[in-house]
Amino acid sequence: MYCEECKQKPAAVHLTQVYNGKIIQSHLCEECAAKKGGFIFDPGNKFSIPNLLSSIFGASCSIDPDLTTEIKSCSGCGMTFNDIRQTGKLGCSNCYQVFAQEMEPTLRRIHGNSQHIGKIPTRSGEKVLLRKQLDALKTQLQEAVNHEEYEKAAEIRDGIKALESRLV
Amino acid sequence: MSIENILNCGSVKWMESQEGQDDIVISSRIRLARNVVDLPFPMRLDQKSGDECMQRVKAVCQEEMPAALNTVEYTSLAQLSILDRGILAEKHLISPGHAESDSPFGAILLNRDGSLATMVNEEDHLRIQCLLPGLQLAAGYEMAQQMDDFLESKLEYAFDERNGYLTSCPTNVGTGLRASVMLHLPAMQMTGQTGQILQTIGQLGMTVRGLYGEGTQATGNYFQMSNQITMGQSEEEICNHLQAVTEQIVEQEHLLRERLKIDLKYQLEDKIGRALGILNHARIINSTEALALLSDLRLGIDLGIVSGIQLNALNQLIVSIRPAHLQKCFAQELDPLQRDIKRAEIIQDKIKGIK
């Protein structure tokens, strides 16, 4: 059967519309159907982004889902890991802690083997900032030692001690 | 109320294209996704937590703000008509999803010129957006940061050391930063290069979408390019990376345009001439065709073949031919045919006097 519109390409889209009790059928090729634009044939949610995302969760979960991951639910919002897998989204910030283990492969899939190295909020981030400064100093210490700059290394070591006392 | 201004007037900050700059990069956008700790994410808000969330944000907006933010106002979406919400979406100030949502907890924090627009309770509690004309990623990030720092000083964000800023969707976790540029690439489209470029862009960690973001088509030769990964890189790295790739693409587009001017001079002028002809005389025009022809016109302006219209006006026009804008302008419900007729009218009105 050929497209009703262009009469050149084979009809691939068959639309049945019901207007006020009247049934209207049209047969169009893909291009003409796209041009008509008016009707949106919903593939029934099968190819939606959340589903795509939840497939990332699903694939990563090698454990039988009927086991323990079903029962655990987040105290903040009540979501279970199964809910997360179905919607592709988490329910609250607590979920990241509660489902840390289950989320790990997913996060790795999306962002690679990385952790956050960007901005840190000033309020909740004080400890984090200190720890990062500490790491930086430790690296500097190692470098100073490698270059045999022992005086500098001693200064850095004192700086490290001071920071460590602030963290405790 | 500044939102009234924005809803009624034609121009928003990103439309103000800068003099003497090529218009390949139309606008730059910085978006930061943030959530408040101890409340469920918007998808899981119930009446109590939803109201709580709105109250908190509203309260923050009533406090004294730093000078750069002092025109920011809070407006609940439920207060706006569907038409007005559509207008905000068409001006790129909120996402189409946010405009269409029936959640009672949606809101927007908007400043006077629309350069800072923060969505409340869209996919995350807060989505801070800074939208500026041309290629201004660094400046955009600065502004977004100011908003971010201010909000963070009053609200406690959900953040953990390993995963960074916690977001509803795991694809946004980490920096929560989506940096994007809106590009106009007619020469690339004409010479069939876009497929290849898009592939390469993908390999560089960027993604390309259409004019209105996620799920939209690349109409009128407009492409929105943004970073894909949000964790594992610093915000500065993400912006610099996008800037570098954008500059490469701009250069490519330039080279192609130069080639076209020489190799296909007549075809180019013909295409632009025809666009002008149709735009000037059509009585009915749908938005796809209008966008395509306006894109040709834009190219004509860039190449100096067409004169008599400013790019600002063109930017405004592209938005004012969208459905919600048309309906607001003519203050009545319009069916598709009427819209197409009015669209033609508006276009002719704006472009008379061009040659």
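Modeller: Start with helix α9 of chain B, residues 265-281, in this predicted model. Asp270(B) and Arg274(B) both sit in that helix, four residues apart, or about one turn. The two form a salt bridge. Their closest N and O atoms are 3.0 Å apart. Asp270(B) is partly exposed, at 39% relative accessibility. Arg274(B) is exposed, at 56%.

Helix α9 also supplies a partner for a second pair. Lys271(B) forms a salt bridge with Asp296(B), with 3.4 Å between the closest N and O atoms. Asp296(B) belongs to helix α10 (residues 287-302) of chain B and Lys271(B) to helix α9, so this pair ties together parts that are 25 residues apart in sequence. Lys271(B) is partly exposed, with a relative accessible area of 35%. Asp296(B) has a relative accessible area of 7%; it counts as buried because that value is under 20%.

Now look beyond these helices. Salt bridges with shared partners join Lys89(A), Glu122(B), Glu123(B), Asp124(B) and Arg127(B) into one network. One of its links pairs Glu122(B) with Arg127(B), the closest N and O atoms being 3.4 Å apart. Glu122(B) is partly exposed, at 21% relative accessible area. Arg127(B) is buried, at 8%.

For context, the whole structure holds 25 salt bridges over all chains. Side chains of opposite charge can pair when their charged atoms come close.

How values were computed: Residues numbered from 1 in each chain as written. Chains lettered and ligands numbered in written order. Predicted model: local features only at pLDDT ≥ 70, side-chain atom pairs only at ≥ 80, totals over all residues. Heavy atoms only, no water. Salt bridge = Lys/Arg side-chain N within 4 Å of Asp/Glu carboxyl O. Buried < 20%, exposed > 50% of the residue type's maximum accessible area, 1.4 Å probe, protein only. Helix = DSSP H or I, 4+ residues; strand = E, 2+ residues; numbered from the N terminus.
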